[in-house]
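Please keep the sequence and the 3D view at hand while reading.

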Amino acid sequence: MIAARSFDLELAPGLIHLNTASVGPVSASVRAAVADAWMRLERDPVRMTYGREPDTVVSQADAVRGKVAALIGCDSDEVLLTSGTTDGMIKLAQALPLVAGDRVLMTDQEHEGGETGWLYRGARDGIGIDRVALPLGQTSAETLVARFAAALRPRTRAIIVSHVGSASGLRMPVAAIARLARDAGALCIVDGAQAVGQMPVDVRRIGCDAYAASGHKWLMGLKGTGFLYIARPAQERLGPPQWLLTRDYGGNSSGTGPAPLMVGLGLAIDRIDALGTKAVEQHNAALAARISAGLAVLDDLSMIGPRRGELASALVAARLPDAIDSRILRDRMRGRHGIIIKMAEKRWFNGIRLSPHIFNDAAQVDAALNALRIELDQFGA
Ligand SMILES: Cc1ncc(COP(=O)(O)O)c(C=O)c1O
């Protein structure tokens, strides 16, 4: 296990954060480095914003594309820095040349940030949106892939899929789905918001054409940071041609961005890298298993995702009986116990989600389980 105490977080005293899947906390030293970068920038704004010398803030921000590339196994000219997953997914939806009658295929559990750009293309350009239903509680990768295969249509141009489902915590068999897309002549576009930083991600091994992710979740980077990978061959298929001009962060054709935040993202990546993504995954798997085991024995809850195996992740979700309002439960966990958990989106199920990360430990998990037990008892269920 990673020593949870070694993180210099600035969480309010006593607060237990078990919701990195929403946003992760930033280390004090990373935030201080960002403040320092911002101060350097404001002392010499034009040079620090546009100058390409190695000591400028914009150059240091641009170098973060290389760190992202090393983290996810691609080249830096396949990486664009963004403000988050939604930004990346919308860019992709705008860039794909689609004409009326073309179709895209996605699951019925995509996060709004991942699907919104495609829904817009659907409404504006007459693009058909097909959905793969993912019944909650899936435990077989083969069944999942077969569902995608059955939903492909002759004019399916892209498959859009979350690497890890934000509601269910389901870790999707994205490599098999990417193969399926390739065989069908479609692009495979992965929403990696819930994957990068909690486990090793290798975009070449996945074989996807594009992958969008957030810096402010599992990487514990600054809020408003993220990145987009587009494989070199897919760059040729994606318009507009500006893509080829705007990869440099803070270049003339890409405009002016919050370079100090990106410098901070680079430092956050360094930290995850130093721990090793495999070690992070193992730490989180142990805590997630502890949560699953603890939740499974609570009479009122039923588990949503797989508890272990290739489809499990560090996002652990459970359904509540209708009589228990997940919003009230979440608020009581926070107000009475100082424990941050997520209320599942009601359109999927009435329930809760816990997502432990490297700064959490077994004692915090046990405190959360104990608090849940107390609160569920109080509901009288
Ligand atoms: C699967 C998924 N996609 C997209 C997003 C949105 O990410 P961002 O805030 O970086 O745009 C989230 C956030 O929870 C998510 O879970």
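How do α13 and α15 run relative to each other? The axes of helix α13 (residues 277–296) and helix α15 (residues 362–378) cross at roughly 20° and come within 10 Å. The two helices are therefore roughly parallel to each other, a label given to angles under 35 degrees.

This is a predicted model: local features need pLDDT of at least 70, side-chain atom pairs count only at pLDDT 80 or more, and totals for chains, interfaces and linings use all residues. Residues are numbered from 1 along each chain as its sequence is written.

**Two helix pairs**

Helices here are DSSP runs of H or I with at least four residues, strands are E runs of at least two, and both are numbered from the N terminus. Axes are lines fitted to C-alpha atoms, for helices over the stretch in contact, and angles run from 0 to 180 degrees between N-to-C directions.

From α13, Leu287, Arg290, Ile291 and Gly294 meet Ala362, Val365 and Leu369 of α15. Contact requires C-beta atoms, placed from the backbone, within 7 Å. This contact divides into 5 nonpolar, 1 polar and 1 charged residues. Ala, Val, Leu, Ile, Met, Phe, Trp, Tyr, Cys and Pro count as nonpolar, Asp, Glu, Lys and Arg as charged, and the others, Gly among them, as polar.

The crossing of α4 past α12 is left-handed. α4 brings Val64, Lys67, Val68 and Leu71, while α12 brings Met262, Leu265, Gly266, Ile269 and Asp273. By class, that is 6 nonpolar, 1 polar and 2 charged residues.

| Helix pair | Axis angle | Axis distance |
|---|---|---|
| α13 and α15 | roughly 20° | within 10 Å |

**Two sheets**

Strands of a sheet pair through backbone hydrogen bonds, either parallel or antiparallel. Pairing is called when DSSP finds at least two bridges between two strands.

Strands β3 (residues 103–107) and β5 (residues 156–162) run parallel, joined by 4 bridges. Arginine 103 has threonine 156 of β5 as its bridge partner.

Another open sheet has 4 strands, ordered β9-β10-β13-β12, with antiparallel pairing. β9 (302–303) and β12 (342–343) are the edge strands, each pairing on one side only. 2 bridges join β12 to β13 (residues 351–354). Methionine 343 has isoleucine 352 of β13 as its bridge partner. Helix α13 lies across β9, β10 (316–319) and β13, at about 10° to β10.

**Ligand shell**

Around the ligand are 13 residues, of which Gly84, Thr86, His111, Gly113 and Ser166 come nearest. Being near a molecule means a C-beta atom, placed from the backbone, within 6 Å of it. α5 (85–95) and α6 (112–125) are the elements that give two or more residues to this shell. By class, the shell has 1 nonpolar, 11 polar and 1 charged residues.

Key:
A crossing is left-handed if the near helix is turned anticlockwise from the far one by less than a right angle, and right-handed if clockwise. Two residues are in contact if their C-beta atoms, placed from the backbone, lie within 7 Å. Angles under 35 degrees count as roughly parallel, over 145 as roughly antiparallel, 65 to 115 as roughly perpendicular and the rest as oblique.
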